[in-house]
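Good morning, everyone. Please look at the screen, and keep the structure open while I talk.

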Amino acid sequence: MKNIGILTAGGDSPGLNSAIRGIGKAALKMDMQVLGFRDGFRGLVENRFIRLDKTVLPGLLTVGGTVLGTSRDKPHRMVIGGKTLDMTDAAVETYRKHNLDALICMGGGGTQKNAFRLLQKGLNILTLPKTIDNDVALTDVTFGFDTSLGIATEAIDRLHSTAHSHHRIIVVEIMGHNAGWLALGAGIAGGADVILIPEIPYDVEKIAPAIRRRVSSGRPFSIVAVAEGARNLAENKQFAKANEAKKKARTKAEKKAAALHLDDVENQHKGSTLRLAQKLEELTSLETRLTILGHLQRGGTPSAADRLLTTQLGTACARLIQEGQFGVMVAIRGGQTLPIPLEEVVGKRKIVPLDHPWIESARLVNTSLGD
Ligand code: F6P
């Protein structure tokens with residue numbers, strides 16, 4: 001009989017519970033025993049777990065969040081009693097103590113990296129790609145994305161009627177720090193007039209005339225969908241410079257200084273959507289309001305597509321364990337599940353390519369992308 005562990009790490013995402021259910025039910029059917037570690041890698045380090053058996057798994061399919069809890073803790077840099085410590089050995093010890101045959105880590109880019117570190121310590125690791133940002137490399141899609149896309153699209157639909165009634169601009173901030181999938185997808189699906197994403201630095205002097213043209217053509221309202229990581233030209237220049245300096249840093253001191261500077265640049269970016277809204281009001285003379293969707297986008301029951309995806313990924317994951325295949329992320333490609341070596345996944349990010357069909361479509365329906 002095999003013993004397997006599951007943990008959910010990083011920001012929560014709709015579909016985590018249905019993925020746990022998919023893995024758990026298939027694993028029980030294959031005569032495995034399943035443990036769930038609490039609060040991401042912290043629960044693994046601290047050996048806090050629950051048994052995922054027939055009493056826990058049913059009913060999880062439709063429930064938002066994660067029954068296991070999650071955190072952004074990393075085993076190699078964990079804050080314990082106010083100190084940052086390397087707790088990798090403790091994580092390995094828990095794995096050994098429970099005689100685990102495999103550990104499944106569900107998460108986004110950061111989780112893939114942390115899981116890879118444990119793989120390098122000799123643990124049998126598998127991962128599942130989860131994030132509403134859809135930015136994990138080498139999978140067509142990540143789970144959580146479809147649900148959040150639906151929520152953000154519905155929000156834009158609702159903002160339309162109030163923007164229209166008041167002849168206002170409504171700027172809506174959508175999650176996505178580094179990748180614009182969610183803002184672009186929801187912006188197109190919701191018919192936003194302007195969509196701003198991190199991949200395309202924007203120029204407010206080009207957005208305002210686009211909005212004014214709408215006013216002259218009898219449409220005195222506009223919806224501006226902005227990814228939280230979208231930057232104007234000046235911000236983008238500063239960000240690119242800080243990023244480059246971080247990449248070039250060689251010594252420990254240089255690396256620390258460059259990382260601090262990048263943090264500074266990111267902090268300065270906070271509030272930039274509000275500044276954009278104020279600038280648009282000034283340039284267009286249209287009353288402008290800002291809506292930040294925030295964590296609403298991550299809450300609640302997963303969509304049908306996410307339930308299907310997580311059930312497919314979760315059950316495929318149990319099958320791979322049964323076959324003795326480890327060190328992989330279970331990806332979805334063209335509708336099929338595919339084990340991708342973790343080393344190929346880590347350190348990469350899937351951002352929106354500038355030649356993506358969504359970008360061309362947005363432009364062809366007269367949406368300004370701010371460039
Ligand atoms: O990684 C998913 C995500 O929702 C991002 O879109 C967002 O920038 C971030 O998490 C927010 O993180 P937190 O919930 O820790 O504030």
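Which residue forms a salt bridge with glutamate 287? The partner is arginine 289, and the closest N and O atoms are 3.5 Å apart. A salt bridge here means a side-chain nitrogen of Lys or Arg within 4 Å of a carboxyl oxygen of Asp or Glu.

First, the ground rules. This is a predicted model, where local features need pLDDT of at least 70, side-chain atom pairs count only at pLDDT 80 or more, and totals for chains, interfaces and linings use all residues. Residues are numbered from 1 along each chain as its sequence is written, and side-chain values use heavy atoms, with hydrogens and water left out.

Back to our pair. Glutamate 287 is partly exposed because its relative accessible area is 37%. Arginine 289 is also partly exposed, at 35%. The cut-offs are these: buried is under 20% relative accessible area, exposed is over 50%, and partly exposed is in between, with a 1.4 Å probe and protein chains only.

How many salt bridges does the rule give? The count comes to 12. Side chains of opposite charge can pair when their charged atoms come close.

Take another one. Glutamate 282 and lysine 279 meet in a salt bridge, 3.5 Å from N to O. Both lie in helix α10, residues 272-284. They are three residues apart, which is about one turn of the helix. Helices (H or I, at least four residues) and strands (E, at least two) are DSSP runs, numbered from the N terminus. Is glutamate 282 buried or exposed? It counts as exposed, because its relative accessibility is 56%. Lysine 279 has 30%, so it counts as partly exposed.

Aspartate 371 is partly exposed at 42%, and arginine 363 is partly exposed at 38%.

Some bridges join up. Asp39, Arg42, Glu46, Arg48 and Asp73 are linked in a network of salt bridges.

Stay with aspartate 39 for a moment. Its place is in the loop between β2 (33-37) and α2 (41-45). Now look at its backbone. Phi of aspartate 39 is near 55 degrees, a positive value in a residue other than glycine. Why point that out? Because most residues other than glycine have a negative phi.

Where is asparagine 99 found? It sits in the loop between α3 (88-97) and β6. Asparagine 99 has a positive phi of about 55 degrees, and it is not a glycine. This residue is exposed, because its relative accessible area is 56%.

Lys74, Arg77, Lys113, Arg117 and Lys246 form a positive surface patch. Patches take residues with over 30% relative accessible area and no salt bridge; like charges are joined within 9 Å, and nonpolar side chains (Val, Leu, Ile, Met, Phe, Trp, Tyr) within 5 Å. Lysine 74 is in the loop between β3 (49-51) and β4 (78-80). It is partly exposed, at 31%.

Now go inside. Which residues touch the most other members of the largest nonpolar core? They are Ile4, Ile6, Ile104, Met106 and Leu128, out of 32 residues in that core. At least two core residues come from each of β1 (3-8), α1 (16-29), β6 (102-107), β7 (125-129), α11 (304-322) and β12 (328-333). The largest share, seven residues, comes from α11. A nonpolar core is a set of buried Ala, Val, Leu, Ile, Met, Phe, Trp, Tyr and Cys residues joined through side-chain atoms within 4.5 Å. In soluble globular proteins, nonpolar side chains tend to be buried together.

Last, some distances. Aspartate 31 lies in the loop between α1 and β2. It is exposed, at 52%. Its C-alpha is 48 Å from that of lysine 256, and the two are 225 residues apart along the chain.

Arginine 307 lies in helix α11. Its C-alpha and that of proline 129 are separated by 14 Å, with the residues 178 apart along the chain.

Finally, alanine 179 is in the loop between β8 (169-174) and α6 (181-189). It counts as buried, because its relative accessibility is 2%. Alanine 179 and leucine 103 are 76 residues apart in sequence and 28 Å apart in space, C-alpha to C-alpha.

Methods. Accessible areas come from the Shrake-Rupley method with a 1.4 Å probe; for residues, only the protein chains shown count as cover. Lys and Arg count as positive and Asp and Glu as negative; His and the chain ends are not counted. The place of a charge is taken as NZ of Lys, CZ of Arg, CG of Asp or CD of Glu.
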